[in-house]
Amino acid sequence: MKRTLDVCIAALGLALTAPLLAIISALIKLSSHGPVIFRQVRVGQGFRPFSILKFRTMVVDAPGICLPLTVGQDPRITRIGRILRKFKLDELPQLVNVLVGDMSLVGPRPEVPSYVERLRSEFSEVLTVRPGVTDLASLRYIDEAALLAYSANPEEEYQLKVLPEKLRWAKLYIRHMSLRLDVAIIIQTLVHISRLPVVLFTLPEPKAAVGSPLSSSWTGLSTLIMRWRKPIIVVLDVVLIILANYFAFVLRYDGSIPEGEIHTFEQTVLALVAIRVVAFVLFGLNEGLWRYTSIWDLQNIIGGVLTSTVIFYGWVHWAMGIYSYPRSIFAIDAMLLIGFLAGIRLPSRVLRDKSVFQKKRKVLVIGAGDSGERVVREMKTRPLFNCQPIGFVDDNVNLLNQRIHGVRVLGTVQDLPKLVEGLKPEVVVVAVPNVTPGFLRDLVIKLEPYNVSIKTLPAKEELLADQSTVSQIRNISIPDLLARAPIDLDNKATRQMVRGKCVLITGAGGSIGSELARQIALFEPKSLLLYERHENSLYNIHKELDDRGLSVTIVPLIGDVTDTKRLYAVLEQYRPQILFHAAAHKHVPLVELNPLEAVKNNCIGTRVTAEAASLYGVEQFVHISTDKAVNPSSVMGATKRVAELIIQDIARTSRTRFLMVRFGNVLGSSGSVLLRFQEQIRAGGPVTVTHREIRRYFMLIPEAVQLVLQAATIGEQGHIYILDMGEQIKVLDIARSMIRLSGLIPGKDIPIQFVGLRPGEKLYEELVGEGEIAVRSSLEKVLQIRTISQLDFEEFREKLSALEAASNRDETSVLLERLKEIVPMFHACVSDTESSTVSTGSLQS
C-alpha cells in the first residue's frame, strides 16, 4: 500500500506540477549558468547508494567557496535558489526518485555516505526502509540552515547534535510507521511550507539540538490579533448580523427579494446591528477565548440572539411602525445568526489539539456508571491524558449496546477475555466505586494471559473532588486484593492514652516495632524508648524519627529482652508507663532449625520483660502475638503460645494491665512472602509457593499497628484480641497477582514452582484455638478471645521452669518434649514434598 501510494502521488504530482517545473527550470537557467538539476550521491535502503535529484539553487562552483553544509544566508545560494529553498520547491524533482523506487514520499531523509559511515550501526535500523522526501525530522528541522547559523561550528553541531536527533526521529517513525501516519506527515509538511498555524499530529518532543531566537511571522500576526481581539470579534459579529438578516430575506422570498423588502432591509438593518451589538456585549460574547468555547458560550449566544430578536421585534413594530415586516424573518434570522456565531467559534475548539495522528493508549473501562462516565468524558476532552476509550464493560445487561459520550457498552465482565482478545486494549480501568477485593482478584486472574495494564480508581471517599478523575487513576496494588479493606480505627483514644507518657517498645527495629514507633511518635508522648538488640535496625528507625523534627524525646537503647540486668536498669532509669513487647523470633523455618533460641527469645524474653514491667509499675503492657500460636504446628507458633500463657499467668496477680494482640501475616514486613515474591520476580523467576492450597490471613503493617494501639485503649486484663480479617487468601493467588501486576504473565514469563510445605508450616491458619471463643469487643472489627477452660497455672509454672532448664542446658530434644507438654496442641507438620512447576495451562484452569 505504501509503494502504491508513492507511485500514484508521485505520478500525479509530476503531472500537475509540470508547468511549474518548466517555469522553475527556465528561471534557473536564465539566472545563472550551469545545469538545472543538481545530483548528489546519497545512501538509500540497504546502504545502496543512489543519486538524489534537486533543482540547483547554488552557483556552479559553489563547493570550493564555503562550507559543505548550507548555513544561514549562504552566499553560494542564487536569488532564485533562495525562493526555491524557502518553499522547498527545490525538492520537487525527488518525485522522480520516488517514481523509480529510490525513495518514498515519507521516510528518513537520506544522508551523504560520509555521515552514514560514521554512524553505520545507527543507520542499520534506519536504512531498512526507503529514504523519503519528508519525514518527522524534516518537520522538526524544516529551517535547518537558519538553526545551524547560530552555531560557532555548524559541521560539528550537525554531526554531534542534529544528526543523532534526526536518527531518533527516524527510528520513531519506523516504530509507528503506517499509511495513516504517512498521510499525516505529507499534509503537515505542506502546512509547514505554507506557514499555516495548524497542528495535524503530535509526537513526543525531542531534546533541543540547536537553539534559535527566530520567531515565525505567524507569531507576530498572532500577537497582533490577540491585542485587537475584541474589536475584531465585534467587526466579525456585525458582518455576521448583516449577513444573517440578508440571507433571512433571501430564504423567505426564495432567492428573489422584492424591491419593497430590500428597502425594508436597508431601513431596519442599522437598528438591528445596534440592538444585537449591545445585547452581545451584555452577554459577554466578545470576551470568551474561542479555543475554549463550551456549552456556556453556546448558551450566551442563544441568549444574546433571542433577547436582541425580541427587542428588535418591538422596535420595528412600535418604534418604527413597520407592521409589514415579515414575522418569519425574525425566526429565520435568529436561527441563521446562532449558526453563524457558533460556526466561527467552534472550529477553534474542535481543532485545538486535534491530531490526524497521535499514538494513544486504548482503554477499556469497567463500569458504565457515574465514575466510568467521568473517566471517558475526561479522556475524550483532555488530550494531555493521551487515552482513547474504546468501550465499556458493565454487568447491567440493560446498558448493553448503549453509548456514553459515543463509547459503546460492549458486554459484561464475563465477556472480558473475548473483548480483550479482539480489541487489544493497552489499559483496563476499573471505574467501579468501592470495588471489592474479590472482584479485583478475579479480574487479575481473567486477564492473566493478556498483555494489558490493570488500573483502578481510589475508593469513593478517597476521590479528590478538586482533581481530575483520570489523574487519580492508579495501578492495582497487592493491598487492593486483600480479603477486606484496611481498617482505619479511631485514634482519639490512642492519643489520649499516649500523650505525655513515657513509652517503651521492645524489638523497636523490627517491622512491627518500627511502625509502632512511627505512629506513637505522632501522638505526643513525653518520651519514646526504642529497645533493640540489633544496632543497625535501631540506628535506622532512630534516624528516621529524628529527621522528622518531632518534639518527642527519642531514646535509642541497645539491649536484649533476655538480659535481665540490662532491662531492669532501663526500667529503673526511665520508668515507662506503657510497654509494647514486639521483640520475637518469627521466621518459621529458621525457628524450626533453632528451637533453643526460639524458647530463649520468645518465652524467657517475654517472661523477663513482663516481670520487669510488673515490678517497676508499668501501667499497660501490650504483647504482640500471632495467629500461628493457635493450635501450633511449628516451634515458632508453640513458643508464641507459651508467651501468651506467661502473660496470662503474670496478669492474674499484677497491677499492670496485661493484654495480647494476635494478627496474621503482615504484608511487606521483614521476611514477608510479598518481599520474597518481589525478589523472585525481579530475578526472572521461578516464584516458589509451598503448596497449591496453602492459605493465609494477611494484614498491612499500619493496620496491624493500629490494632495494637487500639487494643491498648480497651483491653481487659489478661485478654487476647484479634482483628476480624475476613477470609483467608490463597498464597498462590497472591503470587499470580503479583506477577500479573508486574506486567508479566504467570506460567509464561515467570514460572511458579511448588516446593512443598516447609517444616512447621500449616495449610491454613486459625485465630481461635481449643478452649477459646471469639466475642465482639467495644470496637468494630476487633474480636476478644475468651478462655472457656481453666488452666492450672501452678502446673504451668513448673512445666515452664523445666522448659527453661532444657533451654539453658541446650537439650533440644528435651526442650521439644517440654514444649509439647505445655502446648498439647503442638504437633509437627508432615512436610508435603510435592514439587512442580506451573505451566500456562495449569494456571488458567
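Residues 24 or more positions apart account for 76% of the contacts (heavy atoms within 4.5 Å) in the protein that have a separation of 6 or more. The model is a predicted one, in which local features need pLDDT of at least 70 and side-chain atom pairs count only at pLDDT 80 or more, while totals for chains, interfaces and linings use all residues. Residues are numbered from 1 along each chain as its sequence is written, and side-chain values use heavy atoms, with hydrogens and water left out.

The protein contains 31 helices and 27 strands, taken as DSSP runs numbered from the N terminus (helices H or I, at least four residues; strands E, at least two). Of its 845 residues, 49% are buried, that is, under 20% relative accessible area with a 1.4 Å probe and protein chains only.

Helix H27 (residues 701–714) is largely enclosed by the rest of the structure, because 11 of its 14 residues are buried. Among them are Ile701, Glu703, Ala704 and Val705.

Helix H24 (residues 595–615) and helix H29 (residues 793–808) have axes that come within 10 Å and cross at roughly 135 degrees; axes are lines fitted to C-alpha atoms over the stretch in contact, and angles run from 0 to 180 degrees between N-to-C directions. H24 and H29 are therefore oblique to each other, a class left after under 35 degrees (roughly parallel), over 145 (roughly antiparallel) and 65 to 115 (roughly perpendicular). Residues of H24 that include Leu596, Val599 and Arg607 meet residues of H29 that include Leu800, Leu803 and Glu804.

Notes. Buried < 20%, exposed > 50% of the residue type's maximum accessible area, 1.4 Å probe, protein only.
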